[in-house]
Amino acid sequence: MRTLAAILGGLGVFAPLHATTLQQLSLSDMIAQSTAIVHAKVTGSYSAVRGAGIYTFYRLQVSETLKPAGQPANQTMDVAVPGGAANGMLQTVPGAPKIDAGADYVLFLWTSRSGLTQVIGLSQGLFRMTQDSTGNAIIVRPASTVLMLGKNGAAITDQSTTLRWSDVRSQIRSAVGN
């Protein structure tokens, strides 16, 4: 009986996680639904168990806070991404954003009632800051590979997104009133 329980328990370790389905968010949706929008550099990370899940927490050095309006820059904050390795366990979450230490990002964030700050729409709210061929600042988000639903509830194929940072910054400032 113990052997059967051990085998069944071992098989549970390899059981697939539930699939992730995302509601497609427009830039306007993310601006409106975010509790914070920041331009920041990733300075480090650590993983920890929180509730029933594992999260990787990324430490951000914020260079600009666009929402809420009037917040100071040059502060640090932690952002939680579902999945990671902790206590000898590994958890992966389809659709979770991939964040690189040392990289420069624009993040659309939301904070839950429990105080956990995450990227909105999983990978949808994470844009890498870079430059185009003429030196203009742009923000880029690769297409999500998980199932995504459009506004009408039909499955859609996500597309990568490249936006001029000056245009996005103006749109955010206009929407939040600064």
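Analyst: We'll take the overall picture, then the salt bridges, the strand pairs and some backbone details.
Analyst: This is a predicted model, where local features need pLDDT of at least 70, side-chain atom pairs count only at pLDDT 80 or more, and totals for chains, interfaces and linings use all residues. Residues are numbered from 1 along each chain as its sequence is written, and side-chain values use heavy atoms, with hydrogens and water left out.

User: What pLDDT does the protein chain average?
Analyst: The average is 88, and 89% of the residues score at least 70. pLDDT is the predictor's confidence in each residue, from 0 to 100.

User: Where does pLDDT stay under 50?
Analyst: Over residues 1-17. The model has 2 contacts beyond four places in sequence for that stretch. A contact means heavy atoms within 4.5 Å. Where pLDDT is low, the predicted coordinates should not be read in detail.

User: How many helices and strands are there?
Analyst: The protein chain has 3 helices and 13 strands. Both are DSSP runs, numbered from the N terminus: helices are H or I with at least four residues, strands are E with at least two.

User: And how much of the chain is buried?
Analyst: Of the 178 residues, 39% count as buried. Buried means under 20% relative accessible area, exposed means over 50%, and partly exposed is in between (1.4 Å probe, protein chains only). The chain exposes about 10000 Å², and carbon and sulfur atoms supply 55% of that area. Accessible areas come from the Shrake-Rupley method with a 1.4 Å probe; for residues, only the protein chains shown count as cover.

User: What share of the contacts comes from residues 24 or more positions apart?
Analyst: They account for 58% of the contacts with a separation of 6 or more.

User: New topic. How many salt bridges does a search of the whole structure find?
Analyst: It finds 6. A salt bridge here is a side-chain nitrogen of Lys or Arg within 4 Å of a carboxyl oxygen of Asp or Glu.

User: Which residue does Arg59 meet in a salt bridge?
Analyst: Asp78, at 2.4 Å from N to O. The pair links distant parts of the chain: Arg59 sits in strand β3 (residues 53-67) and Asp78 in strand β4 (residues 75-82), 19 residues apart. Arg59 is partly exposed at 37% relative accessible area. Asp78 is partly exposed too, at 25%.

User: What about Arg128, which partner does that side chain meet?
Analyst: Asp100, again in a salt bridge, at 2.4 Å from N to O. Arg128 counts as partly exposed at 34% relative accessibility, and Asp100 does so at 39%.

User: Asp158 and Arg141 meet in a salt bridge too. Are they buried or exposed?
Analyst: Both are buried. Their salt bridge is 2.8 Å from N to O. Asp158 is in the loop between β12 (155-156) and β13 (161-164), while Arg141 is in strand β10 (residues 137-141), 17 residues away.

User: Which residues do shared partners join into one network?
Analyst: Glu64, Arg169 and Arg173, through salt bridges.

User: Back to the strands. How many bridges join β7 to β9?
Analyst: 3 bridges, and the two strands run antiparallel. Val106 has Phe127 in β9 as its bridge partner. Two strands pair if DSSP finds at least two bridges between them.

User: And β9 to β10, how many bridges there?
Analyst: 4 bridges, also antiparallel. Met129 is partnered by Ile139 in β10. The two strands form a hairpin with 5 residues between them. Gly135 in the turn has a positive phi of about 90 degrees.

User: Which residues other than glycine have a positive phi?
Analyst: Among them are Asn87, with phi near 55 degrees, and Leu122, also near 55 degrees. Most residues other than glycine have a negative phi, and most peptide bonds are trans.

User: Where are those two, and are they buried or exposed?
Analyst: Asn87 is in the loop between β5 (84-86) and β6, and counts as exposed at 68% relative accessibility. Leu122 is in the loop between β8 (117-119) and β9. Leu122 is buried, with a relative accessible area of 17%.

User: Last one. Which peptide bond is cis?
Analyst: The bond from Lys67 to Pro68, with omega near 0 degrees. Pro68 is in the loop between β3 and β4.
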